[in-house]
Amino acid sequence: MDGGASSPRTARLAQALRDGQRLALGRALTLVESGGEEGRALLRALRSETGQARIIGVTGPPGSGKSTLVDALIHAWRKEGQPVAVLAVDPVSPVSGGAVLGDRARMGAHSLDQGVFIRSVSARGHLGGLSAAAQDMADLMDVAGWPLIIIETVGAGQSETEVAQLADLSVVVSAPGLGDDLQAIKAGILEIADVLVVNKADREGASQTAKHLEGMLALRAEGRREVPVLKVSATEGTGIGALRDCLDSALSRARDDRQERRRAHKSVQATEILARRICRDLPEGFLDRYSLAEWERLIAEALHQVAKRAE
Amino acid sequence: MSDPASLSQDSNLARDIERWQALYDSEIGEDRTVVNRSGIAVRPLYTPDDWSEGRYAEDLGMPGEAPYTRGIYATMHRGRTWTQRQLIGLGTPEDYNQRVRILLQQGASAISLLPCNSGFRGIDCDESPLPLLGTCGTVINTVEHMEAALEGVEIDKISTAMNDPTPFTLFAFLLGVAKRLGIPLDRITGTANQSDYISHYVANHMFYRLSQPGARRVFVDHVKFCREQTPNWNPVSVVGQHMQQAGATPAETMGLTLSTAIQYAEDCIRAGMDADHVLRRFTYFFDISISFFEEVAKFRAGRRIWARIARDRLGAKDPRSWRFKFHGQTSGVDLTQQQPLNNVARVTAQAIAGIFGGLQSMHTDGFDEALACPTEESARIAVATQNILREEAHLCDVIDPLGGSYYVETLTNEMEEKILAVIETIDAAGGMYAAVDQGIVQKMIGRSALDYQNRIESGQEKVVGVNCYQLEEAEAEVATYRPNRAAMEAQVKAFRTFKAERDQGQIRQVIGDLARAANGRENVYERVVAAAHAGATHGEIIACLRRELGFGHPQMVA
Amino acid sequence: MTYPERVLVTKIGFDGHDRGSRVVAAYLRDAGMEVIYTPPWQEITAVVNLAMQEDVDVIGVSSLATDHLIIPDLLQALRADGLAHVRLVVGGIVPQNERQDLLDAGVSAIFNPGATSGEIVHRVRTLASEARVLRDQEETV
């Protein structure tokens, strides 16, 4: 791909982005997501200008009604005139690599609203991981002037936990009747939750789910910050106002320790960048030469060598 | 089976089957695997080994007697032929009136009205893009429009069906016309097609208007209103057609339709209505696909299952409440854009399946119905098809003529099993309303739609002119119906004038009353009727209810 | 730089029958594309906004009940908002005598019932790369 850091095209795009042109943002998101040189150049040109937006991560197991909840939250914020941008991450077909990005369909009512910008992202094999790509994309939205960004991910697996880490505030959504999926919450992302939401509160079992989550929170080590558990019904609209207020006030607090969070996330990101570089520079087909187990052994050996040299 | 005579008969039969099987195997070479759309394996031959009249009284019975497998009336089509009810809708109310008069002259015995898609969407003609007005249905936004559409039609004598989803504005307009003509409301007969809001959330988003809880509320109030004021109107038509058109197999369709009917019956009973009162006015609306025997078996099995559900599960005591009355429409899904005249043959085969399936009323598609609103010519051929089958082919002479066929009875039993399994799945989810909420039904249908498309692509399912016997030469052009743009423009202009000249204070008043009813416990449908009669438009009534009861969106299930 | 084709599968106008658009969305996904799928009844402005935010290469409009009659308006709106490079295909029922009007208005392909998944996937893929070339040209100008 042509166009390095100094390419006039990149400069033009960067300026259009700063001017808040929506067409430019849509285009820039693709460039950055697809991981080419032009996207990297754009990020380099803009990196110093980020940091204005507040980012909320919304995560939860399939069936918890995340998208509907995000939709209801957008409505609530829009009522106050607050512009909202969303990165909606949808799972990808493991077979074809294709995806039907249906999340935004559940947020359909906003496609006429100039104060809402929604971008669907497939959780496809982003070099360097989903969280790095999501961070880069959120940065672009930030530079384009979107003051509030929601990153919505399916709450299963490591990459989602990482996405949650780059947010100023992590909302974990559950719902009654999910059965074993609740266990997924316990195992992974409960740890990173700043706010817990029990969605579909109009359904039977909502109170038990809330109690169950509160019980799990109580088991955590003393001295941890307080995590509110809120019951809402995104489809009925109940509890959404309270949730918005809770998020707004939590965001104003979260702002202070944002830098610290980002630093903590940096080491994760460094690993990703390293992995991305290595993967990019490998000759084609090279990865298939060894099995995963063999690769792990080779990497362990290599790391051992590095550690030795450091000593 | 234990007496010696039947034992020897049985062993004779077994020997005969074995002999035939050997012969068959030697002659056929490599046999095809045949599986019908519902997933039932179809064998080359059926014998008394598969079905014998062992449970005749329990499973079949006589026509007009429970479980009605052979038909819901003792005389069936020999006594009273099915109602020829062509679904029509096009252009302006005046265009509709002209078309409906032609159909009545040609022997249509009932009428139906399909409104413009803008109406389905819940808006009036003045808010719609002009090119889309009247292309697929008639623009009816007021009592005045309805009056023009039905001018000269004896609505106290002829049964009308309205494609009229919640909140049933067309019916309100029809009652307005009756009032103006001084016709008592109990003389109005017909059916509220598309009252089945659940099917709209699942399968046909066409008629999607209110939030699901809102639609549920209006549904029950509408049934109550009809029970009290229009006792000869069928307020419930459960529309299996939507499920099947969206891709459900025939067995899934019947299972989902019956589960929906159970949900509606239970909602009405919970609201204090009597099971017998409600169920006697239940009707059904189905697609008749070209999978001939499967369709016949679908209807026979459905009839039998419903009789048992109505009696044993819903507690209806009057045998008339157990009757499964249905309207069949030949399926547009099977029609092709390629070589459109071939569709006449398809419609004929579908219609025969419907007749043998024991339907009460029928719409036969025009051959161009896959392309556009039928033209006058295609609409005439569609009606003639029914007349020919009745008069020339003598399909009305014998009741349930396929009854007792080893194949059809076996297939009826097998379809019954499949249908019951679907009902069980829905019951396990907590009923149809809950199952839709959880996306179970949408997933079931989506999977079947993709399966069927794959069957066509792989050539397992053949479609003449599409994946076999294609024509090389250019397709013949078929005239497609488009409304007269100038007439439509004039109609919109007149509508705007009508709106401007109404008593605005009165409109505000009736819309306010409607909003209050929606938020309170009053019968909300009574207020819909009052608003319509006072001059409120279709779009105004729906906008008010959307504000008060919510306008959700159809669930997207991947 | 390669990344999957991004395709918006949608319905405009008033018709709600979405069996076809769902099945096509599934085929495109299975061919490795990223499909942005919407419910029916999208307004033209909404489709333009979606195409812009999602930076799609191709828009597929399913039309079964004359909604294709307003597709020229959609094409015009796309051009007016800087999305002239986006290719638009129509699937469903378009009568013979109205096909040319659509092609003249800028529709790239019309798929009638009977079009196979292979045909659709191939055509959409070709059009997506066409759209990308056109866009690069627009940007360099």
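1. Let's start with a strand in chain A of this predicted model. Leu169(A), Val171(A) and Val173(A) point one way from S6(A), while Ser170(A), Val172(A) and Ser174(A) point the other way. Both sets are buried.

2. Why is S6(A) largely enclosed by the rest of the structure? Six of the six residues in this strand, which spans 169-174, are buried, so the rest of the structure largely encloses it.

3. Now for the neighbours. S1 of chain A (residues 54-60) pairs with S6(A) in the parallel sense, over four bridges. Along that pairing, Ile56(A) sits opposite Leu169(A). S7 of chain A (residues 195-198) also runs parallel to S6(A), joined to it by four bridges. Here you can look for Val172(A), which stands opposite Leu196(A).

4. Next, have a look at where chains A and C meet. Chain C brings 29 residues to the contact and chain A brings 28. On the chain C side, the elements giving two or more residues are helix H1 (19-30), strand S2 (34-37), helix H2 (44-54) and helix H5 (117-140). H2(C) provides the largest share of that side, with seven residues. By type, the chain C side splits into 15 nonpolar, seven polar and seven charged residues.

5. Strand S3 of chain A (residues 99-101) runs parallel to S2(C), and three bridges join them. Ala99(A) has Glu34(C) as its bridge partner in S2(C).

Terms used
Residues numbered from 1 in each chain as written. Chains lettered and ligands numbered in written order. Predicted model: local features only at pLDDT ≥ 70, side-chain atom pairs only at ≥ 80, totals over all residues. Buried ≥ 20, exposed ≤ 12 C-beta atoms within 10 Å, placed from the backbone. Pairing = 2+ DSSP bridges. Contact = placed C-beta atoms within 7 Å. Nonpolar A, V, L, I, M, F, W, Y, C, P; charged D, E, K, R; others polar.
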